Amino acid sequence: MKKFESKKTLKRYNRVAIFFMLVGVLIIAKVVDTMFVKREFWQDLGTRFVKENVPVPAQRGNILSADHQMLATSLPEYKVYMDFRVSDPDSLVRVRAQYARDSVLEASLDSLAIGLNKLLPRRSVSWFKERLRTGKAKGSRHWAIYPYRISYVDYKEVMKLPFFRKGKIFSGIHHEEYRDIKKPFGSLAARTLGDMYPGKDSARSGLQLAFDSLLRGTPGVTHRQKVRYKWLNIEDIPPTNGADIVTTLDVKMQDFAERALVDMMKEINGLHGVVLLMEVATGDVKAIVNMSRDSDGAYREIKNTAVSNLMEPGSVF
């Protein structure tokens, strides 16, 4: 029977033990280097990938008639942009991926421009083609492909067009969201309901301004963290949507009063006219109409004369 060679085994064991000890020392040294020597560097790097206290806007409340018909509501609108230097996180060869995207964009340019023109006819097919080529030549990361805001329905259709349907990471398509006040009944009681400043979450006039604190709601708070080249929104405090306002206005009475006033002003060629319709039993204002003759001869609600022009009623009584 062959004798067990303990010396050779011990030598091998010592070598393995020394190797793992060296590895452990290197790990500890790396930890110390990261925690103390390069501490500030890694902290600064970490803050670049986290954005704290990012506000989340609350949905603005609606204004309703006495029978709960919608008079004014807040709807989203979008401006669409392209990033022509977007990087694909799943691509091992970025240059090859960029070349592939440019090739697909060039091949899809005609159908893309035609599709954009059908959805957004205020600009021609040639305008969209030139717009996309200019943005590509400049290598812009935030290139507006259309100068105006579009509705949610149009935005969803734009995202279905060739090249764009491949997604944000490949095509670079992205958007900015805005909230705009829409009035389903058009100009009916327009000055009474009021407006918002364009592009701002700030009330300008009417009930929108008078009850702004209730309609506005309370914005929430999130922090954004970058993971695999994507920003993720992590909600800290959810937003509280604004309250709805129920007015005493009656849509039918408002419409009838507006038609009657405009007809009479046309008959006498009046400059300004006001109708205030109040329910005697309750004091509820059922209709407010303010008409002024505009420079083109048409009658519009330019100013809320019934409220802003305070004067003695005179012969009305």
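By a nonpolar core I mean a set of buried Ala, Val, Leu, Ile, Met, Phe, Trp, Tyr and Cys residues joined through side-chain atoms within 4.5 Å. Please keep in mind throughout that what we are looking at is a predicted model.

With that definition, the largest nonpolar core has 22 residues, and those with the most contacts inside it are Met82, Leu112, Leu116, Ile145, Ile150 and Phe164. Two or more residues are given to this core by each of S3, helix H3 (94–119), H4 and helix H5 (152–158), and the largest share, five residues, comes from H3. A second, separate core has 14 residues, among them Ile63, Leu193, Leu207 and Leu215. As background, nonpolar side chains in soluble globular proteins tend to be buried together.

Let me stay with Phe164 for a moment. Once its neighbours within four places in sequence are set aside, Phe164 is in contact with Met82, Leu112, Leu116, Ile145, Val158, Met159, Ser171 and Ile173. Phe164 counts as buried because its relative accessibility is 1%, under the 20% cut-off, and Phe163, at 4%, counts as buried as well.

I turn now to helix H4, which runs over residues 125–138 and whose 14 residues, at 1.5 Å a residue, should span 20 Å; the end C-alpha atoms are 20 Å apart, so expectation and model agree. Which residues of H4 are buried? They are Phe128, Leu132 and Gly135, and because they cover an arc of only 65 degrees around the axis, they lie on the same side of H4. On the other side of this helix, Ser126, Ala137 and Lys138 are exposed. After H4 comes Gly139, with a positive phi near 65 degrees.

Phe128 and Tyr146 form a stacked pair, 6.0 Å centre to centre and with 20 degrees between the planes. Since Phe128 lies in helix H4 and Tyr146 in the loop between strand S4 (143–144) and strand S5 (150–151), the pair ties together parts that are 18 residues apart in sequence. Both Phe128 and Tyr146 are buried, and together with Trp127 and Tyr148 they form one aromatic cluster.

Note on methods. Residues are numbered from 1 along each chain as its sequence is written. This is a predicted model: local features need pLDDT of at least 70, side-chain atom pairs count only at pLDDT 80 or more; totals for chains, interfaces and linings use all residues. Side-chain values use heavy atoms; hydrogens and water are left out. Helices (H or I, at least four residues) and strands (E, at least two) are DSSP runs, numbered from the N terminus. The expected span of a helix is 1.5 Å times one less than its number of residues. Buried means under 20% relative accessible area, exposed over 50%, partly exposed in between (1.4 Å probe, protein chains only). The arc is that of the directions from the helix axis to the C-beta atoms. Contact means heavy atoms within 4.5 Å. Rings of Phe, Tyr and Trp (its six-membered ring) pair if their centres lie within 6.5 Å; planes under 30 degrees apart count as stacked, over 60 as edge-to-face and the rest as tilted.
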